There are 2 protein chains.
Amino acid sequence: MQLDVTPIEAGMEALVAGLSKAGSIDAREAILTTDTMKKELALSIELGGKTVTIGAMAKGSGMIHPNMATMLGFITTDCAIESDLLHEALIGSVRRSYNRVSVDGDTSTNDMVVVLANGMAGNAPIVQAGPDYRLFADALDYLNTQMAKMIARDGEGATKLIECVVTGAASEAEAEALAKSVITSSLVKTALFGSDANWGRVLCALGYTPSTFDPDKVHLAFESPRGYLEVCANGAGLPFSEEKAKLVLGAQEITILVDLDPGVEGAPSGCTATAWGCDLSYEYVRINGDYRT
Amino acid sequence: MQLDVTPIEAGMEALVAGLSKAGSIDAREAILTTDTMKKELALSIELGGKTVTIGAMAKGSGMIHPNMATMLGFITTDCAIESDLLHEALIGSVRRSYNRVSVDGDTSTNDMVVVLANGMAGNAPIVQAGPDYRLFADALDYLNTQMAKMIARDGEGATKLIECVVTGAASEAEAEALAKSVITSSLVKTALFGSDANWGRVLCALGYTPSTFDPDKVHLAFESPRGYLEVCANGAGLPFSEEKAKLVLGAQEITILVDLDPGVEGAPSGCTATAWGCDLSYEYVRINGDYRT
């Protein structure tokens, strides 16, 4: 996404709003349960010459599935925006972020994401879905996506954040279902824990959904900060070095790239969606097997 | 089930049919892949004074979900039975046995169960759904249920067979969905690996399904060859000793008893279904994380 956001020191958004920075830090820690790391982010954007700030804090580690649960998210902003538009921006953003996270397929009855806007930024109030709204909504999307990734990364026992990007799908809903099917597969999760470039398990997990796609057109690749590894083209395996696979998959953030229909160069490539999860480790078994009721 | 079956030595059914016992043993081993134990069973029943024999062999260990896959099953019998009735008996039995097993929620494209009948038992051929048919179908059900349990027990990394019996459901389909939801939950599976009587996770997993039931009526108990432990009545926890929980859940076969609507003594208690799975262990992670593509 090409978006001009300025990350700011977390807690500063509370200060900007005339509240206590220490209070923000206390709050973000008070909401944690089995989380092993704090989850917060703040950023600012320019709207008509005024600086608008958005901050978020969340908790969530286990039982994140299938839509938000089990997590809490609190977003604050000083943006002046009409409440229906604020709600619309939040709903859309939650659908593309927190609703696309799964840790272990288990779920719960508890979740919540709220956004509070006090309008103190002094921007011309956003009252319609124009450029200012889109800029604000994009910034909110960016913020929530980063927060969703923090939750997946802190999944119980996780050693790696796993992202699956599906492109070339018949609809966004199908792309989402496919991406979620990949990141929830225990066999994919254990393979990535073991840094095994097991593209067969990815292809297999795509097939668990009722989505229609042509397996003979599927391209698969793994990507991480350590490199890029193409493993499957037109549904067939490509030769790759185990050494490189171990290097790429040894990173703490791995993206599985699934293109269902690469199509002709430059042609539209269908719908896309991204989902986030984590690997399945010995530690997950220890945490949940050692627990006493 | 009150059924008068006589277990016979496996391989003997081949001998009875005039084939080689050694060939049967070779075959049951040749079909195994990642299985750690052979899966076979043979039994006989009396039909109108004649002894009818049924034998089965199967393979299956990982990726058993949601309906049979990934497994192979071969059933032979010398029963004289009309082919449409044989097919009907098999379909019904598969639905209540192999289709109710899940190891890790992953699945595949491969499965098959066949039944072959050569009619050599000399019984009056079964040509309608009368008492002989029901006796044969019950015996086939018993055989396939035992085979299904062997597959679940040999699930990858499994240290325990987990059975979930749901009663008091609005329909058999709902009972099945609920039982499957319990045995596929990673949190239930890890709890039982750790011998933790975590009935909250069981209650939670019941809630993952769209089934309608009243949580305030639910009764839960754990049972194993080592004892019986009631943990929840009318949706609320009962006091129990951790020592006894560890004893009961330390067994290699554990049944989770879920009664959704205990009702009045003697009154019909709704529909029932049983599903089988296994615990989630360190060994599952090792097997599937160490695997190299």
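## Loop residues with positive phi

Helices (H or I, at least four residues) and strands (E, at least two) are DSSP runs, numbered from the N terminus. In this predicted model, Asn234(B) is found in the loop between β8 (227-233) and β9 (236-237) of chain B. Phi of Asn234(B) is near 50 degrees, a positive value in a residue other than glycine. Asn234(B) counts as exposed because it has 12 C-beta neighbours inside 10 Å, and a residue with 12 or fewer is classed that way.

Met63(A) is not a glycine either, and its phi is positive at about 55 degrees. This residue belongs to the loop between β3 and β4 of chain A. Met63(A) has 25 other C-beta atoms within 10 Å, so it is buried; the cut-off for that class is 20 or more.

## Cis peptide bonds

In chain A, the loop between β3 (50-59) and β4 (71-77) also holds Pro66(A). The peptide bond that joins His65(A) to Pro66(A) is cis, with omega near -10 degrees.

In chain B, Pro66(B) is placed in the loop between β3 (50-59) and β4 (71-77). The bond from His65(B) to Pro66(B) is cis, and its omega is near -10 degrees.

## Contact between the chains

Chain A contributes 29 residues to the contact and chain B contributes 28 residues. On the side of chain B that touches chain A, α6 (186-193), α7 (199-206) and α9 (282-290) of chain B each supply at least two residues. By residue class, this side of chain B comprises 10 nonpolar, 13 polar and 5 charged residues.

How values were computed. Residues numbered from 1 in each chain as written. Chains lettered and ligands numbered in written order. Predicted model: local features only at pLDDT ≥ 70, side-chain atom pairs only at ≥ 80, totals over all residues. Contact = placed C-beta atoms within 7 Å. Nonpolar A, V, L, I, M, F, W, Y, C, P; charged D, E, K, R; others polar.
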